Amino acid sequence: MTWTVVLPVKRLPAAKSRLRGALPGVPHERLALALAQDTVAAALACPPVTEVLVVTSDPAATAVLGALGARVVPDPPYPGLNPAFAAGAELVSGSDRWVAALTADLPALRPADLAGALRAAAHGPADVRHFVVDAPTTGTVLLTAPPGVPLDPRFGVGSAAAHGGSGALALAGAWPTLRRDVDTAADLAAAASFGLGRHTAALLPSLAPADS
């Protein structure tokens with residue numbers, strides 16, 4: 001069983017707008033990129049994952065995330081997070097290849113938490129999509145689809161309810177670093193309590209990087 005993680009990244013000036021100004025003296029684009037770098041690095045270090053496919057047309061994100069080892073493809077013609085997830089999923093080939101849609105704002109993510117969620121999804125009912133809700137329980141950080149099953153992403157406000165309503169099943173494991181996405185300064189502080197990945201931690205010198 002092999003997994004491809006699909007991870008869209010907005011153009012950095014427009015990414016994570018609610019985080020703008022969260023770190024005084026740190027350019028917003030640098031923070032947004034660091035969040036994505038730590039998410040990609042954790043996914044690449046996750047044993048079930050054989051490929052991380054980043055969907056972005058941002059030049060800096062393309063260069064940096066590609067250098068980490070991700071496969072990078074440009075944004076589709078239609079803007080938005082869900083079209084980007086869907087376009088990435090359509091590029092996944094192989095009859096045994098599972099797809100995992102992962103948000104790019106998980107700077108404390110541990111590979112073990114992601115691996116646990118992927119294993120749980122793979123051992124669930126056949127031909128069923130699964131998802132993991134975020135810490136506030138209203139959003140989605142991970143959506144999975146077995147081979148041959150359309151991803152049908154419904155990320156955005158209220159995505160947990162939207163994914164559940166579409167027939168996907170919520171996974172119940174703890175996986176605290178997977179559930180801790182970052183949209184606000186308070187979210188960043190909460191993620192820091194788990195230990196941040198090295199790229200985000202480098203922007204906050206008083207915090208130690210997370211163990212992988």
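Q: Which residues of the largest nonpolar core touch the most other members?

A: This is a predicted model. Its largest nonpolar core has 37 residues. Val9, Leu102, Leu114, Leu142 and Leu178 touch the most other members.

Q: Which elements each supply at least two residues of this core?

A: Read the helices and strands in turn. The strands are β1, β2, β4 and β6 (140-145). The helices are α1, α2 (59-68) and α4.

Q: What does Leu102 touch, leaving out residues up to four places away in sequence?

A: Its contacts include Val5, Val6, Leu7 and Pro8. Thr39, Ala43 and Phe85 are also among them.

Q: Now the charges. How many salt bridges does a search of the whole structure find?

A: First the idea. Side chains of opposite charge can pair when their charged atoms come close. Here the search finds six salt bridges.

Q: How far apart are the closest N and O atoms of Lys16 and Asp105?

A: They are 2.7 Å apart, and the two residues form a salt bridge. Lys16 lies in the loop between β1 (2-8) and α1 (28-44), and Asp105 in the loop between β4 (97-102) and α4 (111-122), so the pair ties together parts 89 residues apart in sequence.

Q: Is Asp105 buried or exposed?

A: Look at the relative accessibility. For Asp105 the value is 7%, so the residue counts as buried.

Q: Which parts of the chain does the pair of Lys16 and Asp183 link?

A: Lys16 also forms a salt bridge with Asp183, with the closest N and O atoms 2.7 Å apart. This pair links distant parts of the chain, 167 residues apart. Lys16 is in the loop between β1 and α1, while Asp183 is in the loop between α6 (176-179) and α7 (185-192). Asp183 has 25% relative accessibility and counts as partly exposed.

Q: What about Glu51 and Arg97: how far apart are their closest N and O atoms?

A: The distance is 3.7 Å, in another salt bridge. Glu51 lies in strand β2 (residues 49-55) and Arg97 in strand β4, so this pair ties together parts 46 residues apart in sequence. Glu51 is buried at 18% relative accessibility. Arg97 is partly exposed, at 21%.

Q: Which residues do salt bridges that share partners join into one network?

A: Look for a repeated name. Lys16, Asp105 and Asp183 are joined into one network.

Key
Residues are numbered from 1 along each chain as its sequence is written. This is a predicted model: local features need pLDDT of at least 70, side-chain atom pairs count only at pLDDT 80 or more; totals for chains, interfaces and linings use all residues. Side-chain values use heavy atoms; hydrogens and water are left out. A salt bridge is a side-chain nitrogen of Lys or Arg within 4 Å of a carboxyl oxygen of Asp or Glu. Helices (H or I, at least four residues) and strands (E, at least two) are DSSP runs, numbered from the N terminus. Buried means under 20% relative accessible area, exposed over 50%, partly exposed in between (1.4 Å probe, protein chains only). A nonpolar core is a set of buried Ala, Val, Leu, Ile, Met, Phe, Trp, Tyr and Cys residues joined through side-chain atoms within 4.5 Å. Contact means heavy atoms within 4.5 Å.
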